[in-house]
Structure formats: C-alpha cells, structure tokens
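Here are some notes to read beside the structure. They take up the pockets and then the sheet.

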Amino acid sequence: MYLFNPLINTLKIYNKEYFKNDLAAASTVAVSAIPQSIAFAILAKIPPIYGLYSAIIGTIIISLFSSSSHIIGGPTTATCILIAGSLAAYINLPTESYMTVVFQFTFMVGIIQVLFGALNLGRILNFISHSVIKGFIIGVAFLSIFGQAGNAVGMLPPHGITAFQKVIFILSNIRNWNIYCIIIFTIACLTLYFTKKIHYLFPSKLAAMLATGLIAYCFDLEKLGVAVLGTTSTTLPSFNSFDIDFEMFLTLVPMALSYSIVSLMASITTAKTVAKNTHEKVDNNREFITQGIANIIGSFFQSFAGTGSNYRTYINYNAGGKTRIAGIMSGIIIALSLLLFGRYITYIPKACLAAIIITVASNMINFKEIIQYHNSSKQDFYVATITLAAIIFLPRLDRAVLIGTGVSIFLYLNESSSAKIKILHHVKYNDSFVEIDIDDLMEEEDMIAVRIEGNLYFGLAYDLAESLSEIKNKSDNFILRLRDVNSMDITSYNILLEFTQKIHNRGGNIKLSGVSEKMYKFLDKNGYFDHISKDDVFMMEPQIFSSFIKAMEKAKEEINAKNTENQKK
C-alpha cells in the first residue's frame, strides 16, 4: 500500500474540475512528448518506436507512484546520451541483439534504483554537487549538437569516434554534404523558432515534423539522399522476456550505477523546482523506488531507461495539470496516437529530428552560471569545467560523471581538512569577546577561550593538533567552546585527550562549554572524565553563550582563588 498512497490520496479528492484541467494538460504534454520521444530515441541510437514505448510506460508508472503530482517521465536528452555512451561498444550488433542489451541495461538500472530507495540511500545525491550537474548538462548538450551534425547535413560519420571527432570529420568533408538535408534542417529550425512565438505551449516540434514530413513525402526526397525514419511498428508495447547475460551484466554495472544516480538527480531537481510552487514534499527514496519500478517493468515491455523530464513536467504544470492523473492520461494519449497515426512516422526526415535535438540542446547551454562560479566560487568553477571537458573528450560518460564527482569531493575534503579554531579574546573595557586568529595571540593570558567548529574527523586531526600545540604554552587555563562541534571521531578525541593531559600535568585547568548530549555521551564512553571533573563540563543551553559565560565565571573564580593563595604564600 505504501507505493499506492499518492494515487489513493489523489483519488480521494478527485473531481470533475480536476479531470477537465488534467485532460487539457495531458493532451498538451502528449503532443510535446511524441516528437521528443522519437528524436531522443535516435539520440540514444535506438529505433524511434522504442522512444514512444518508453514515453508510454515511463510516464504512466512514474505518475502513478512519484511523490510529485506533476512530474512526467520518459526519455530525456541527458539520459539518451548516457545510454548511447554507455552502450557504444554494442552499437554494431544487429538491432534485435542491441535492443536486448538495452533492455538488460534498463533492467539493471531499475534494480539499482529500487535497492537505493529500499536502503534509504536517497542522501547519496547530496554528494553530487550542483556544479557537477551543471557541467554535465552543458557537456551533454554539446554532445547532442555534435552527434546530430551528421544528420543535419546528410552525412554518416564512422562509428567508434567521439562526438568532437565527428564534428571534425563532417567539417573536413563539406563537399559531401547533402543540400536537401540542409534545406529540411533549416525549414525545421525556422518552424521551431517561429511557431514558438505564437505561444510557449504551441506544439512547435510536432509542427516541424508535420511540415518536413509532408515536404519529404510530396517531393520524394528519400530518393535524393534525405534519410527518413522508414517503416515503423504501430503496435502497442507488448511483454518481451530476455535472457540475462551475467558477464555482460557485470560489465554494465558501472555505467548503470552512473546512469541511475545522474538520472535521479535530474529528475529530483525537476520535481523540487515544481514543488516550490505546489508545496509538495519530494521524497528522494520514493523517487528512487518509483523510477526503479518504471525501468524494471519497462525493460519487459520494450522500453529503455528513462527519468523525469524537465521540459514536459513544466509543460504539464503550466498547462494547468492539477494531479498525477494528468501524467497517466498523457501516457494513454500517446498510446492512442501511436495506434491511429503511427504509420506516418515513416516519412519524418532525420534532419528534422536533428533540428529538434539541437534546438533542445541549445536551450540547455547556459554559461551564466559557469561565469558566476568563476566570479564567486573557484572550486565550483573548476568542478563544472572539468566535468564539462570530461563529458566532451572522454569516450565514456559514466567515467566523466565519476571524475567530476571525484574532483568535487576531493576539493571539499581539501577545504574541510582545516580545523576551524578561533580564539575568543576578552575585551576588558566593554567586557565583550571578539574572535581572533591563533596567530594574533601574542602574549600569555590568564585564561584562553577557544571556539572549535565543525565535524572533528580524522581529516582535521593534523590541523587540530597543530592549533592546540600553538596555544598550549600560552596559558594554564582554557575554555573549549564545543557548541558548534557536531561530531568527533576517535582520532580527534585522542588529540583532545593528549592536550587535556598536558595541561593538567602542569597544574592547569580545562573547561568545556556548549557540550551537547551526544558529545557528552561520547566523551564519557571513552573515559575523558577520568581526566577532568564533570563539574568542569557545561552543557549546551538554548541561550547562546550562556554555558560559556558560566564556564568563564567559574574559571575566573578559580584563577582569583589561586592568585590569592599564592599571595598569602
């Protein structure tokens, strides 16, 4: 029942008014999804009928179970490029054999996604930074453009070369360009541009396909070298079993893992963007499970791996879709359209599909954020740029994604390997405290208050030890403010213990302030209170600095009492 809760909740409140809005939105989405699904299948090196099958199955299942009421599933630019790159080694197989590989890949992706969701690993997406996704999206856009340059001019570049090399090949063979393909490509681009001016929801892609398909049919352009999609099945997706090749299965695991994470990141980003307006809560783990189920079922019904579509989701929302029923109905409308009008797909020129893909890809290229990274965060700029370069120049996209993520994590660890330690310097004339660096502590003090911040893990151990070593001889009395320390590992604990022992061995005193319940239990469990009194530990309080002030007052009393005793002697 957990899976069906969103649908059950929708049906409880469903009414006639919702149905009217959902039907209108579903029709608009379907009109946009049909040309996109055909074009994106070509982008994935897959026969176009499977793009429509994926749009039908993916849209219906994702709409059924997603935590978002508006998300529309199916093929997207990024996922189709990922599929083409991941399965490039099998592209020369016969179509039937290649599709078996595609279905195995889709099944594997689904299994990985369901496992991630079931194990509550949705948080893994937090380790892929926004800069990696931005570099990936722009890189995929360039790959889409480079990859379709051949169809735009009527040339077929050789297999086994990168998209960038394909462009070089095409430019070096200008004499072999087909003028009729270029004309069709130009007409399609102009149609896409000017029809979009009519209204942003106008089905410009469908208009381009109808216009160029009609021209290709009337003038029999196929005889003049204009490639068309050719004979296409007009039947609905049917159950299709396949044998699992375990050797291939293991080979595809890294690609399937990368695909699973990237596709979910894109989908959840889309869902959360819409959720800002609808105020729905997006559940990462549910999205993992939902897309996993869609891909597992889809693999047995002639569909390839898909995800939530940014463009079609926005169309659904802006066209007035109110509930997830709109997504379900759009899948049904695509299926009916295939039965009624599928035979006309035959006449669609590939140059038109190239225009659609290149137009969609061009809209994905936005260098403003990359420039913003350069001006505000060099770390994000490096990550986005390296990911972008890896996407364009490396033959395997899964490795490019892993490289970008690896660089992101490395830079984060490098930056977070410095312990954030400040001295709370007492300003006597107004009895206040200001933060200063350890290096600015020039002379010995009666008491030194130290503010420590962050998660004290082994990566900070060296820096923490160095910082405490610098101050250990500048006073005999220390207050360590731990309010901003979230956690501590055993390596950092041993450094803190060693510092405490050295101060106590020479007759000094250490007090801890702002200690959380979690931190107190950790220190107690590891025997820290064998070395200092629990009376010198001041627990965290709701009021900021309250426990610190108590620790400071007690430290002052002890210092004054000790000074008085020394004077008597």
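1. This is a predicted model. In the second largest pocket, helix 6 supplies the largest share of the lining, with four residues. The volume of this pocket is about 760 Å³. Its lining has 30 residues, and those closest to the centre are Ile 42, Lys 45, Leu 156, His 159 and Lys 350. Two or more lining residues come from each of helix 3 (48-65), helix 5 (95-118), helix 6 (130-153) and helix 14 (350-364). By type, the lining divides into 15 nonpolar, twelve polar and three charged residues.

2. The largest pocket has a volume of about 1000 Å³. It is lined by 40 residues, and Ile 137, Asn 310, Tyr 311, Asn 363 and Met 364 lie nearest its centre. Here helix 10 (residues 246-278) gives the most to the lining, namely seven residues. The lining consists of 17 nonpolar, 18 polar and five charged residues.

3. Six strands make an open sheet with mixed pairing, in the order 4-3-5-6-7-8. Strand 4 (432-436) and strand 8 (537-539) are the edges, each pairing on one side only. From one strand to the next, the twist averages 25°.

4. Strand 7 (residues 509-515) and strand 8 run parallel and are joined by three bridges. Val 515 is opposite Met 539 of strand 8.

5. Which strands does helix 18 touch? Helix 18 (residues 461-471) packs on the sheet against strand 3 (420-427), strand 5 (448-456) and strand 6 (477-488), and its direction makes about 25° with that of strand 3. Helix 19 (residues 490-505) also packs on the sheet, touching strand 5, strand 6 and strand 7. The direction of helix 19 makes about 170° with that of strand 6.

Note on methods: Residues are numbered from 1 along each chain as its sequence is written. This is a predicted model: local features need pLDDT of at least 70, side-chain atom pairs count only at pLDDT 80 or more; totals for chains, interfaces and linings use all residues. Side-chain values use heavy atoms; hydrogens and water are left out. On a 1 Å grid over the protein atoms alone, a cavity is a set of points where a 1.4 Å probe fits but cannot get out, and a pocket is an open set with protein on both sides within 12 Å along at least five of seven lines; lining residues have an atom within 4 Å of a point. Grid points are joined across faces, edges and corners, and a volume is the space filled by probe spheres set on the points. Ala, Val, Leu, Ile, Met, Phe, Trp, Tyr, Cys and Pro count as nonpolar, Asp, Glu, Lys and Arg as charged, and the others, Gly among them, as polar. Two strands pair if DSSP finds at least two bridges between them. Axes are lines fitted to C-alpha atoms, for helices over the stretch in contact, and angles run from 0 to 180 degrees between N-to-C directions. Contact means heavy atoms within 4.5 Å.
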